[in-house]
Amino acid sequence: MLDLTRELIRRHERGAAGRHDVWVRAAARAIRRAGDAHDAAALLPCFLDDPEARGALLPVLACHGDRSTAAALLAVHDRNPEVLHVVGWFGHEPATLILWDHALQGDWDAQCSAVLGLLHLRCDGIDVAAELRRHEGRGLFPELLPALAVKTGDPSWARRLLDWGTTGASTDCNGGLLLGLALLGAAGRDAFDLALWSPAWETWSGSTGTVRWAARGVLATGWGVAGLRSRFDAHVSAATDPADRTNAVLVLTGVVDRWLDDEWTGLHAAVEPPETREQAFRLLFEGERALDRLAERLVDEAGDGGRTEIEPGLPLRFVLRQVYDLRRRLEDAVHHEADLDARTRTP
């Protein structure tokens, strides 16, 4: 067991580790990366003692626990519905109907956790297609529910989810549609690509939360930084509307920025980008098509066309701020990666 795990438990026992404590979140992320089953076994009783306040431990339990962990977590789902995601992650089939009930009737957090859990279950005995048809075309609905379209076995949902998100769904409620397209695999790949770069979907937006699901969706496609950059270049080259091109810059920067947060994806289908931070930096910010120089040119082109805002109240130069911020974050990540390599390398 890691010394960091012992310290985390001590802080919880002293009441010195709140749910949103920055050190707790950082420690849990490190244990998720470097820990093993012993860390999960030690942290499970700690979580169960106060599940409402210790949700930051759930990714560790998911990554290093086992199916017995799922049963223990299910017993406290009424105190913290976030556990439903992990219960499903472990393939705990007896929980299917409980998760389905929360996916339809719970609050937003419970609905999302339940749907993410159901993605890893067979979903025997529930009619996902009927529930999707009931909401199809609406502006507001249980947001992540369309992610379960893959459970219908019907590839026609790719076009239907795309149409729903383009003409019906609010941009405050399109995350599940986007993730659903990604999880449909080959059947949804082209539709996901269209939605991802479409200005109408606002997939870069952190205020609506859609970028969170865009980042996971891209991981589910297995593109990585190189694949995402390749698709960005193709889209920018083909686009004729300056607004379309500047939107693509926001999508690319938004997705990569979310990846740098190093969150647990919670999806077996998601494949982490194979690139190191250094490789990601070189792919985005070196060479003739360095993203910062390209973005400056695209913003100038949009401005020359009389455009001053991305949307009402959001100036066009916001695009450049996002690009510059991502460059700084990636530079910091490269330095951190080099420092870590130096500390761990055997002389």
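Select F318 first: in this predicted model, its relative accessible area is 12%, so F318 is buried, the cut-off for that class being under 20%. Zoom out to see what they connect: W204 is in the loop between α12 and α13, while F318 belongs to helix α18 (residues 318-344), and 114 residues separate the two.

Next, aromatic pairs in general. The structure has six of them. For another one, select F192 and W223, whose centres are 5.8 Å apart and whose planes meet at 55 degrees, so this pair counts as tilted. F192 is part of helix α12 (residues 186-197), and W223 sits in the loop between α13 (210-221) and α14 (224-238); they are 31 residues apart and link distant parts of the chain. Both F192 and W223 are buried.

Then look at two charges over rings. Select R11 and W23: the charged end of R11 is over the W23 ring, 3.7 Å from its centre. Select R160 and W157: R160 lies over the face of W157, and the distance to the ring centre is 3.8 Å.

Salt bridges come next, and the structure holds 24. Start with D261 and R329, where the closest N and O atoms are 3.1 Å apart. D261 is in the loop between α15 (242-260) and α16, and R329 is in helix α18, so this bridge ties together parts 68 residues apart in sequence. D261 is partly exposed at 25% relative accessibility, and R329 is partly exposed at 31%.

Move to R289 and D233, which form a salt bridge of 3.6 Å, N to O. R289 is in the loop between α16 (277-285) and α17 (291-304) and D233 is in helix α14, so parts 56 residues apart in sequence are tied together. R289 has 32% relative accessibility and counts as partly exposed.

Terms used:
Residues are numbered from 1 along each chain as its sequence is written. This is a predicted model: local features need pLDDT of at least 70, side-chain atom pairs count only at pLDDT 80 or more; totals for chains, interfaces and linings use all residues. Side-chain values use heavy atoms; hydrogens and water are left out. Rings of Phe, Tyr and Trp (its six-membered ring) pair if their centres lie within 6.5 Å; planes under 30 degrees apart count as stacked, over 60 as edge-to-face and the rest as tilted. Helices (H or I, at least four residues) and strands (E, at least two) are DSSP runs, numbered from the N terminus. Buried means under 20% relative accessible area, exposed over 50%, partly exposed in between (1.4 Å probe, protein chains only). A charge sits over a ring if NZ of Lys or CZ of Arg is within 6 Å of the ring centre and within 35 degrees of the ring normal. A salt bridge is a side-chain nitrogen of Lys or Arg within 4 Å of a carboxyl oxygen of Asp or Glu.
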